[in-house]
Amino acid sequence: MKTGTTRYNQYSTHLVQRYGEKVYKLPVNLPGTCPNRDGRAGWGGCIFCDEEGSGFDCLPNTYGVKEQIAKNKAYFQKRFKAKKFIVYFQAFTNTYLPLNSFKDNINQAAGEEGVVGISISTRPDCVNDRYLDFLSELNEEKKFDINIELGLQTVNYHTLAKINRGHGLAEFIDAVLRIKKHGFETCAHLILNLPWDTCEDAVENARILSALGVEYVKLHSLYVVKGTPLGDLYERGEIEIISMKEYVERVCTFLTYLDPAVVIQRLVGKGPRESLLFSNWGVSWWLVKQEIENYLEKHDLYQGKNFDYLNGKAVRDYIQEE
Ligand code: SF4
């Protein structure tokens, strides 16, 4: 019988199956910006983004790539006797760098002992063939797995405009297709409780990711940071955030529509510790995770339970009749 934790495709299990042991992520925080802040795609950034560009739990970006890797690696080696690692270029938009700087950063990570994967976080409108070609050349012998993490947040392009993402759904689809063409994997970041989205949008998120064959997903409930445009809306009472109960139901519904092959890299996220106006309904992230797992078990739900809509569903009856 499935328990709550085995009702979705967990990342930790996937890593052990793929690499034969536990694998640890080494976050790298590069100084940088984002086209949605400097005017190329938009000004001011996404309405929820803090100044640190989602790199709040990384080492300071004044350290070089090698130094950050070495420090984080030493920690995991000492604490867990870790041998295999994924270097994770986490903060800001890592492909929004001149090609030469991008190459230099990736080359530094690729040469590290024990690195089985490189994960590069970016925006869908910053996935360019020249950068992907470089990654293909670098990894001709397939020495490590390359994963591009795309911040999408929602497939609802009306909401994307409201949160000032500076891109729509088309850029995401285009990026996923380009990444696939180069033989790399994609991870999509989603926030399922954006104030303008409903449960139907959550379902459509699952359906589109499944149809595109996205390999990984990271979920994050909305957190609100003081001093951001979202923080201002929140403080003025102009947005409402759904209850934790509704959120739990929404995540579970999302999972039921998601292809069971998609690996859930993160079920619940954490916000920065400082200046938070709202995060995870004031409870610890693991409690939200537990609630989701309990709900799945209680209602006999599991990832992929409603995944029956692709591959010409409407003609399946004909095939069965033949
Ligand atoms: S794309 Fe990322 S770094 Fe840029 S503004 Fe949005 S959340 Fe911040």
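Helices (H or I, at least four residues) and strands (E, at least two) are DSSP runs, numbered from the N terminus, and a helix's expected span is 1.5 Å times one less than its number of residues. This is a predicted model: local features need pLDDT of at least 70, side-chain atom pairs count only at pLDDT 80 or more, and totals for chains, interfaces and linings use all residues. Residues are numbered from 1 along each chain as its sequence is written.

First stop: select residues 244-257, helix α9.

Now colour by burial (buried: 20 or more other C-beta atoms within 10 Å of a residue's own; exposed: 12 or fewer; partly exposed: in between; C-beta atoms placed from the backbone). In α9, 10 of the 14 residues are buried, so the rest of the structure largely encloses this helix. Among them are Tyr247, Arg250 and Phe254. For the cover, show α7 (199-212), β6 (216-219) and α10 (285-298), which are included in it.

Of its 77 residues, Val28, Val87, Val217 and Val251 touch the most other members. The largest share, seven residues, comes from α9.

Zoom in on Val28. Beyond four places in sequence, its contacts (backbone-placed C-beta atoms within 7 Å) include Val65, Ile69, Val87, Phe89 and Ala109.

Last stop: Thr198, in the loop between β5 (185-190) and α7. Thr198 is partly exposed, with 13 other C-beta atoms within 10 Å.

Notes:
Contact = placed C-beta atoms within 7 Å. Core = buried A, V, L, I, M, F, W, Y, C linked by C-beta atoms within 7 Å.
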